[in-house]
Amino acid sequence: HPDLTEGDLPRLEEEQKLEVINAFNAAKLQGKLPDGLDRLIDKIRHSKMPWKTILARFFKSLTKEEEDWSKPHRRWLAHNIYLPGRNTESLDTVVIANDTSGSVTKEEQEMFYGCINSILRFTKPNKIIVICCDSQIPEGGVQTLQVKDLPLTPEKLIIKGGGGTSFDPPFEWVAENKIKPDIFLYLTDMESFFPKNPPKYPVIWCATS
């Protein structure tokens, strides 16, 4: 395409990868998967993919936006054109487990901080519960953030840990406190084992590896 620049190519390549994987998943559910295609999809799936971009798209898809004719669009109403306004329903509770074990580097922790900050800023859920965890949740390691806490500076984000790694405590904390998250995000370097009993709410694993 003549309007494309060299900088657009990586983005388009990743979009095509996502489209192929989504089509593969749909065909698999319908039992229409050609022989040998699964090996090709595995190769595509395990290549380096920009999880921050994928995550942003996922959160955008969760935000519900509907036309609202009871609240017409003010800008067009001034020109005597009656168009519906937009009614956006934000997420309620987002839980983010922040792996603070000793194997997580300073650079990875900064990446986690940027991810939490972006979700709060652009997704605007009612609240984000951030759970620091290495092999356990340290005292004072659970923090609730809201849009009013922006700008989210590093000083506002509690980072406690530095020991071994266990993925179980944040899920146990959510169950014990009867939290029903719209989405649970685990930011980690994956140096541990998955919980034996997956929860019923959706979980996304964001791995720096």
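**Cysteines and overall build**

Let's start with Cys-115: its sulfur lies 5.5 Å from the closest cysteine sulfur, in Cys-206, too far for a bond. A disulfide here is a pair of cysteine sulfur atoms within 2.5 Å. This is a predicted model: local features need pLDDT of at least 70, side-chain atom pairs count only at pLDDT 80 or more, and totals for chains, interfaces and linings use all residues. Residues are numbered from 1 along each chain as its sequence is written, and side-chain values use heavy atoms, with hydrogens and water left out.

Back to the cysteines. Is Cys-115 buried or exposed? Buried, with a relative accessible area of 7%. Buried means under 20% relative accessible area, exposed over 50%, partly exposed in between, with a 1.4 Å probe and protein chains only.

Next, Cys-132. The closest cysteine sulfur is in Cys-133, 8.8 Å away, too far for a bond. Cys-132 is buried too, at 1% relative accessibility. The count for the structure is zero disulfides.

Now the fold. The protein chain has six helices and seven strands. These are DSSP runs, numbered from the N terminus: helices are H or I, at least four residues; strands are E, at least two. The order from the N terminus is α-α-α-β-α-β-β-α-β-β-α-β-β.

Contacts next, meaning heavy atoms within 4.5 Å. Take those with a separation of 6 or more: 61% join residues 24 or more positions apart.

Last, the surface. Of the chain's 209 residues, 32% count as buried. Its accessible surface is about 13,800 Å², and carbon and sulfur atoms hold 53% of that. Areas come from the Shrake-Rupley method with a 1.4 Å probe; for residues, only the protein chains shown count as cover.
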